[in-house]
Amino acid sequence: MSFPDPKLVCRNVWKLFGADARSWLEAGGTAADGEGMAAAGLVGAVRDVNLEVREGEIFVIMGLSGSGKSTLVRCLSRLIEPTSGEILFKGENLLAASSQRMIEIRRHLMGMVFQHFALLPHLSVLDNVAFPLDIQGMGRAGREARAREVIDLVGLAGREDAFPRQLSGGQQQRVGIARSLAVEPEIWFLDEPFSALDPLIRREMQDEFMRLQSVLRKTIVFITHDFDEAIRLADRIAIMKDGVIVQAGTPEEIVLKPATDYVSEFTRNVTRAKVVRAESLMTAGGSEDAGPKVDARATIAEAAPLFLDGASQLGVTGADGAVIGTLHRDAVVSLMLKG
Amino acid sequence: MASPDAHLSSPAAGPWSASHASRVPVVWGVVLIAFVGFWLYGRSLAGWAFDYPRGWTVPAARWISAAMKWLINDATFGLFSFTDMTRFISAIVELPYRLAQSLLSTGFLEGSGSSAVQILPPLPWLAVVGAVALMGHALGGRRLAALVSACFLFIAVFGQWSSAMTTLASILVAAPLGVILGLLCGVAAVRWRGFERALSPLLDLMQTIPVFAYLVPVLFLFGFGPTAAVIATLIYATPPMTRITILSLRAVPSEVIDLGNMVGCTRRQMTWRILVPTARESLMVGMNQVIMLSLNMVIIASMIGAGGLGFDVLAALRRLDFGAGLEAGLAIVALAIALDRLSQAAAHRLATPLKSDARKGFAARHPYLLAALATIGIASLLALVLPWVHTYPQSMQLSTGAFWSDVVAWINVNYFDTLEAAKNAVLLNILIPFKRLLATLPWLGVVGLLGFAGFRLGGLRLALLTAGLSFLIAATGQWEKAMITVYLCGISVIIASLIGIPIGIVTASRDRLWSVVQVIIDTLQTLPSFVYLMPAVMLFRVGDFTAMIAIVAFAVAPAIRYTVLGIRKVDPRLIEAGRAMGCTEWQLLTRIKLKLAFPEIMLGLNQTIMFALSMLVITALVGTRDLGQEVYIALTKADTGRGLVAGLAVAFIAIIADRLISAGAGRVRARLGLE
Ligand SMILES: Nc1ncnc2c1ncn2[C@@H]1O[C@H](COP(=O)(O)OP(=O)(O)OP(=O)(O)O)[C@@H](O)[C@H]1O
Ligand SMILES: [Mg+2]
């Protein structure tokens, strides 16, 4: 894949809650030593996590309740001080940054969306969205113009003067999203942004999110406890359990090669065709006249309708539009029949 | 929380179960027998354990007085002296007070004393009523406007206008200062752990120490006059605001704090742009509290020179002119109702903004402000030609003072014997024997018993606290007076509970009745405590019995409230289960409802005691002989040490009761599986 350098790197990050967490770690505590940790009265919310988030990708951290997702994402933005480890943002070690520098970074380079929206109840939609700019000291005219832009972007135009409690949950989260985008962040954290919404709205918001991302191309760390949501949105997924990342990879890798029984529990009911991409099912090589064309990144479910007018194979095109392989009808049918 | 069935299937886990009954009372029995034995036969063995020997008394009062003298005469902070500081504080309070006072009551004067010339008259009464009505309309619509203008009209009609405006002026200064001060302290406590640690015992003490006690040092430091009164009011009203601020800032969701950090707030921005605005709804409740507490202080503060309605009540009470006292008292009530409703409406309105109008013009944004200014302007101009616009015409004033005096006289003429007989019966059969009983208890035994109770309920620390504080009361030579305080407070609390708890039980299961009772007790609680004293004095004149009646009337509200809250909080599924098992109504009440509501009722008892103690001190005016009287005497003599020591003794009694009951309630709660 052609992603550039990692934007955010997280090396051996630990977050232990409890007294004397650091000395337990320094005495040689390891992620595998769950019992020793419990005996020391510590809660291992994040244990020895390594990950890399690349420029422009949606990196989803998925795990059940209490697995440490929120703690991890708050370590990444240093809202919580990790017990140990290293966090590099554009090559700069965040854990070494002064509090002044952190304020700078958060003001201009980071945005975050919260599970329960975290809107300020006394401010109108417009003022909520303009709030981060106000905090930076931007003048009224400038910040309101920018706020109107992002409010338009998330489809809330016309509700600028409403107050949060007058909005539905979905609308409130749109405000939250608009607010986090107002500063044009380079990295965008979303902590279970759609979990508090009911299923239909959630679906709608996911589509909206994908639409936004197709325009904005942000680097995104997205937290969810919903595996289907992870599959739908992610470029890559990290699956977390008890503070440890048990597997990280593309949705395809995870569905096709679950690393542990725990992961396969999630993947069992996933329709393969919705995850597997043309490029992994194709045979390499092919000619321009191989039949209808399909993008290498398209899922099989998206490619399948092209066979409807009788074609027996599709030409798979790479990022530059050149044909790089052939997708055969038989391979697609057998994958779809497997479920 | 334990599953509901757990309680029902294992009745043995209840507070009066056999397993506990076997152990706890045995220890208690032994201790009590030892105590009673010592009380009956110990006097000849160890007389010093009964009457605290004079020679051992710690002269704390003298030390405090000396320290105060030193503060005033010699203490300096390098650049400025202590006296400079008190003067500075006075000036801060004085300036706005003078302004408000001139505007509302005296007019702006040139010169001083009787030779003063009025250069500008005060606001016409009609302008004030108009402005208040507009404010009511802005905050709560037509109904509120009608209510508050009726309250102010009432004040004018009954000839209390000028006094009421003086009182209003002091509240207009004290309340905002109290809110700001409390807010700042609260914010600082949330921001600096150390500050909070230093502050919180002080807040505890301030909430239990009777107001009278710090009137004395305030009088000593700031002299007699309205400024000192406003300062005393501030000291009284700020701690609750501080507490509310701390609680409400702590209750801001962590996500919102994360948001603040993520948008790069500095610490100052975090406080003022995130925490305070997010918590504003609860902070507004604090504002209402401060206003009501300031009003509650009105009469007490007039002892150190507040003037206004409080002074009228106090003066009437002193010359036993019931009619005049009642009228001034009712004017305070009218003021209290108006300010309470206005501030509640303001809280509601500010907490839930309806539309954002930051981009409209000034006039469009503030129609009410402009209307009020116009009203005031027009009325002031009219007042130049029409005197009745300026001052409510005397000829149209009503006075019911004479009428009330007549009513009281009539009651006393016709029912004197009945009232007197009732009073004497209670005095002779209940009050006096109980008082005697307490007076003969050995102080050492009581200290020991309190220590033991503390140990059983809360461990060694509580034991040290209860025994230590009660010993301090003895050691400063106040045991006798403290016992009188305990006797009056105890009797009143028992009676208040005997009245309040049954009322609570009856009302708890009847929604309509409860909503009526709730309105009544809410209203009763907005009345300044002095108001309770007046009818009691009218009917029974001065003495312990009168004090008791006033205390019971004042303290019955929390007993009702907590009983109802406790019973209503009982899980309805449990009651259903009880019914399904065939409990009679009586069994439902005693076995389920009261049992589970017990911790809550204990908290109600706790509140009842606190209310009783705060009222008790005020009843010193009607000639009790307890610690309250001691403080009152110290006040009239400006004897700081004596006043503070006696005041602290009352605070100690309150703290002991509070900690023991809270610990007991906590244990019962834990045993019932409610935590
Ligand atoms: N301040 C804290 N002190 C102690 N333990 C904590 C603290 N914060 C979180 N934990 C613990 O750390 C673990 C991970 O919590 P975290 O909130 O990160 O989980 P999560 O994956 O975000 O769960 P959810 O889906 O419920 O939000 C949990 O066991 C939690 O109890
Ligand atoms: Mg979480």
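The model is predicted: local features need pLDDT of at least 70, side-chain atom pairs count only at pLDDT 80 or more, and totals for chains, interfaces and linings use all residues. Residues are numbered from 1 along each chain as written, chains are lettered from A and ligands numbered from 1 in written order, and side-chain values use heavy atoms, without hydrogens and water.

**Ligand 1 site**
- The shell (a heavy atom within 4 Å) includes Phe17(A), Val43(A), Lys69(A) and Glu192(A).
- Helix 3 of chain A gives the largest share, 3 residues (helices are DSSP runs of H or I, at least four residues; strands are runs of E, at least two).
- Strand 2 (43–54) and helix 3 (69–76) of chain A each supply at least two shell residues.
- A polar side-chain atom of Ser65(A) sits 2.7 Å from a ligand 1 oxygen atom.

**Salt bridges**
- Asp204(B) pairs with Arg243(B), closest N and O atoms 2.9 Å apart. Helix 7 holds Asp204(B) and helix 9 holds Arg243(B), 39 residues apart.
- Lys569(B) pairs with Glu600(B) at 3.2 Å. Lys569(B) is in helix 24 and Glu600(B) in helix 26, so the bridge ties together parts 31 residues apart in sequence.
- Lys7(A), Glu55(A), Lys90(A) and Glu186(A) are linked in a salt-bridge network.

Definitions and conventions. Polar contact = N/O pair within 3.5 Å; in protein donor to acceptor, adjacent residues only side chain to side chain. Salt bridge = Lys/Arg side-chain N within 4 Å of Asp/Glu carboxyl O.
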